[in-house]
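This briefing goes through one protein model by topic. Please look over the sequence and the coordinates before reading the points below.

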Amino acid sequence: MDKSAGLSRPIAGSRGGVVPLVGCPLWRAKRYPLRRPCLETTISTPKGDRAIKAASAHASDRPGIVVYHDYFAIRGGGERLVLELARGLSAALVYGYRTAETYSEADLPENCRDLALPAVLRRPGLRPLALALAFRRRRQAAVHVPVRIFSGVAALFAAPPKAAGARNIFYCHTPPRFLFDQRDHFVGGLPIALKPFASLLLWLYGRAYRRAVDRMDVIVTNSENTRRRIARFLGRDSTVVYPPIDTSRFRFIADGGYFLSTARLSPLKRVDMIVRAFRKMPDRKLIVVSGGGEYESLVRLAGGAANIEFRGWVGEDELTDLVGNATATIYLPIDEDFGMSPVESMAAGKPVIGVSEGGLLETILPDETGILLPKDVTENDIIAATELLTPERAAAMRRACERRASEFSSDRFLKEMRRLAFDYQANEKSEASRDSV
């Protein structure tokens, strides 16, 4: 039993009223009537449970909002987007779990709830199913939230059915690759005895996932590239709202004489190719600043080369300094959904060596803000690009980079998300007025 269900607490200035917290069953809501919606608004922190700011949504004309996100275990673009969204909309945040080595409690908004998925269930093969079940248990509580925003592969299982006066919004970073375009690759890597079971499990998960998508009033996505994927795999249209880039945080500092890779260390990011290229260029320095499943294998691949340095996951201030002092950044993912790292690089006036596919086609301007290599990029292509992008040429691109990055600001992102979250109320009121005439 969820011990937090139905808990209530008096709030200063509430005239003796009681603010319902997580769960908030209907019988309790009737027994303790309130002039505000019952919200999924309990947080668990070392400071103890407390009612979050969203519970006082009655003080304004805007409804309470809860953002649901899978987990915080990497410092990726999706994680940065969710944190910006929760803070910018003064929303509560519910997530499956976090790891201390990537995000501390101080990194997250004050108003959040950690579902604390046990570590044994966080393994890649078990994690999607375990998270889906954990979020599924939040569905009844979510019924009482006027605006629900979902991010990730499992968080949308918390979505209740569509209803008048409420809004389900899905920010789809990409349809799950293991369910769609990379399904055969995922199953193919398993032992023969497990393949039939895995295929059945993926089919069942995929069916439940599509049903959750069907409960969405609006689907938002990060690029035209992902919008095409959503139409292909889910049969739904979506609205493109480019992810938020804190362009004020990244700034040009100097040219420190190195190239920087910020991509997560996974096969689809092709960091291994970058490392092999720089092993052939001992006179050029590469700094790899990120973590991931390939960290140890990439360190071994570098073979102790003096010109290749691995920093692992770093704090925001260190990342800002590394970007601001680079000659340029290198980002070569396979069919990237959007790619926030290149825009952060351009915000610091640093050009990007990218690849001609995916979301990078929507952000990098060839020969103005960077160099786009062929889709079938090779190590020799990387070597040639670093030769072309001299410190002088990189510096000449600075102003164009900064102008381009300004088109992907956090202010623009939050303005669009507020419109999608709140404009439906005005439309419903207008329709109600027409019906009453």
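**Aromatic pairs and overall layout**

Tyr 68 and Phe 150 are both buried. They belong to a predicted model, in which the protein has 15 helices and 17 strands. Of its 437 residues, 53% are buried.

**Overall figures**

- Contacts between residues at least 6 apart in sequence join residues at least 24 apart in 62% of cases.
- The protein has an accessible surface of about 20000 Å², and carbon and sulfur atoms account for 53% of that surface.

**Aromatic rings**

- A pair of aromatic rings is described by two quantities, the distance of the centres and the angle of the planes.
- The protein contains 13 aromatic pairs.
- Tyr 68 and Phe 150 form a stacked pair, because their ring centres are 5.1 Å apart and their planes meet at 20°, an angle under the 30 degrees that counts as stacked.
- This pair links distant parts of the chain, with Tyr 68 in strand β5 (residues 65-69) and Phe 150 in strand β8 (residues 147-151), 82 residues apart.
- Phe 178 and Tyr 205 make a tilted pair, with 6.0 Å from centre to centre and 55° between the planes.
- Phe 178 sits in the loop between β9 (167-172) and α5 (183-188), while Tyr 205 belongs to helix α6 (residues 195-214), so this pair ties together parts that are 27 residues apart in sequence.
- Phe 178 and Tyr 205 are buried.
- Phe 72, Tyr 95 and Tyr 103 are joined by ring pairs into a cluster.
- At Tyr 103, the face of the ring also has Arg 75 lying over it, 4.4 Å from the ring centre.

**Helix α3**

- Helix α3 (residues 127-136) has as its buried residues Pro 128, Ala 130, Leu 131, Ala 132, Ala 134 and Phe 135.
- The elements that these buried residues pack against are β5, β6 (92-95), α4 (139-142) and α6.

**Second largest pocket**

- The volume of the second largest pocket is about 340 Å³.
- Its lining consists of 16 residues, and those that lie nearest the pocket centre are Arg 80, Glu 84, Arg 87, Arg 249 and Glu 316.
- Helices α2 (77-88) and α11 (340-347) each supply at least two residues of the lining of this pocket.
- The largest share of that lining comes from α2, which gives four residues.

**Backbone points to check**

- Most residues other than glycine have a negative phi.
- Arg 270 is not a glycine, yet has a positive phi of about 60°.
- Arg 270 lies in the loop between β12 (258-261) and α8 (271-279).
- With a relative accessible area of 11%, Arg 270 is buried, because buried means under 20%.
- Asp 367 also has a positive phi, near 65°, and is a residue other than glycine.
- The loop between β16 (352-355) and β17 (370-373) contains Asp 367.
- Asp 367 counts as exposed, because its relative accessibility is 55% and the cut-off is over 50%.

How values were computed: Residues are numbered from 1 along each chain as its sequence is written. This is a predicted model: local features need pLDDT of at least 70, side-chain atom pairs count only at pLDDT 80 or more; totals for chains, interfaces and linings use all residues. Side-chain values use heavy atoms; hydrogens and water are left out. Buried means under 20% relative accessible area, exposed over 50%, partly exposed in between (1.4 Å probe, protein chains only). Contact means heavy atoms within 4.5 Å. Accessible areas come from the Shrake-Rupley method with a 1.4 Å probe; for residues, only the protein chains shown count as cover. Rings of Phe, Tyr and Trp (its six-membered ring) pair if their centres lie within 6.5 Å; planes under 30 degrees apart count as stacked, over 60 as edge-to-face and the rest as tilted. A charge sits over a ring if NZ of Lys or CZ of Arg is within 6 Å of the ring centre and within 35 degrees of the ring normal. On a 1 Å grid over the protein atoms alone, a cavity is a set of points where a 1.4 Å probe fits but cannot get out, and a pocket is an open set with protein on both sides within 12 Å along at least five of seven lines; lining residues have an atom within 4 Å of a point. Grid points are joined across faces, edges and corners, and a volume is the space filled by probe spheres set on the points.
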